[in-house]
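Here are my notes after a first pass through the model. Have it open while you read, and go through the points in order.

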Amino acid sequence: MSRAREIADLGGSADAGGITGRSLIINGGMTIAQRGTSSTSSGYGTVDRTRAEFGGASVTQSQQALTSGSPYDAGHRNFFRCANTSTSSATSAYLQINQEIEAQNVATSGWDATSSSSFITMSFWARSSLAGTYNVLLKSHDGTAQGFSSAFTLVADTWKKIEVTISGNSSITINNDNGIGLRCYVVPFLGSDYTTSGHTSDAWQTLSNTNLTPDYAQNWANTASATFDLTGWKVEIGEVATTFEHEDMGTTLAKCQRYYFHTYKLGVAIGTSGTSNGAAYCRPSSSGAVTWHPNFVVVYPTPMRATPALTFYSIGGTVDRISHVSSGFSHGTNDSVSAVYQMGERGIHGITISTSSNIMGGHVLANAEL
């Protein structure tokens, strides 16, 4: 039996439920969006684990509902959209959609990243309002960083399934740790500051940020109201793409919460005033005239990738504050948090504030993204 046929048979087992968790991409169906459904910021802003990185032009990233089309027929109900809201002809303009995979997940996946006879396959559904040739880009992180690009074409306003198979290379280093292992990109546009006409596609090479892909014939960043859509994103071991595994929401959410978590109810905008649902509460005790140490306990639903950076919100919606709670567990006044006592990647067991109230309460955002 050929190697390709063996992998195809594994795909059939996965479809039947025999093998799960094949994809190194988390939330590739774009179903979880803890931060919200729309953002004008570059970086993480909406869909968990996937971020829009851009400069030059202004872009709105969003989670959108899918109601028809080929991805819908394949079981997808959401997609990630980037919409151009301010054009730019600058050679430094760019837009790339990125997910960074934890190194130990790559190192233990079964892909021998150093072998040219060992393969991974990236697949996804893509649609753009602007017809043209776009690129997939992979970057290794450890050791001497390497880059790999591959081109694909799209017809305007038409969903297309893209599959790219990538071999390993002896120059790649992947550490077995919780840092960045592999950076995966779908790239709607790079200005000429980052591209060259003589770029070699479909081959690993020492990473150069001035030679990431070939030059782009079309300019998405300089096209008013241009959109680029993505869903069904996978990176898996083998030479062929298997059918997308549609996880239950709880499984996907738990994977996302290893990297980012907040105490707001899903679907409630961060910083919403008067939102007590999900908030943490405590009764302070004094250790001195002006220092109070509330036993403010938040246990993360899953151990996070690393000890996270924390942001507090009062019940009243004020960032970097916690609430003195009045009757009915509603917001009274704000107090600042001067110290936090964490249980590493597992939670919070106390804070320090300047004044006391019978009950304190607030929301927490914990960020351990790569």
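**Notes on the model**

1. Start with the inside. The largest nonpolar core has 52 residues, and F124, F152, W220 and W233 touch the most other members. A nonpolar core here is a set of buried Ala, Val, Leu, Ile, Met, Phe, Trp, Tyr and Cys residues joined through side-chain atoms within 4.5 Å. Strand β10 (residues 180-190) gives this core its largest share, seven residues. Strands are DSSP runs (E, at least two residues), and helices are too (H or I, at least four), numbered from the N terminus.

2. There is also a second, separate core of 17 residues, with F261, F296, V298 and V364 among them.

3. Before going on, a word on the source. This is a predicted model, in which local features need pLDDT of at least 70 and side-chain atom pairs count only at pLDDT 80 or more, while totals for chains, interfaces and linings use all residues. Residues are numbered from 1 along each chain as its sequence is written, and side-chain values use heavy atoms, with hydrogens and water left out.

4. What does F152 touch? Leaving aside residues up to four places away in sequence, its contacts include F124, Y134, I162, V186 and F228. Contact means heavy atoms within 4.5 Å.

5. E100 deserves a look. It sits in strand β5 (residues 94-102) and is buried, with a relative accessible area of 3%. Buried means under 20% relative accessible area, exposed over 50%, and partly exposed in between (1.4 Å probe, protein chains only). The side chains of E100 and R51 are joined by a polar contact of 2.8 Å. That term covers a pair of N or O atoms within 3.5 Å; within protein, one must be able to donate a hydrogen and the other to accept it, and residues adjacent in sequence count only if both atoms are side-chain atoms. Among the other residues that E100 touches are R49, I180 and L370.

6. Check the backbone at R49, where phi is near 70°, a positive value in a residue other than glycine. R49 is in the loop between β1 (38-39) and β2 (51-55), and counts as buried because its relative accessible area is 1%.

7. D320 also has a positive phi, near 60°, and is not glycine. Its place is the loop between β16 (309-314) and β17 (322-326). Is D320 buried or partly exposed? At 46% relative accessibility, D320 is partly exposed.

8. Finally, V299 lies in strand β15 (residues 298-299) and counts as exposed, at 57% relative accessibility.
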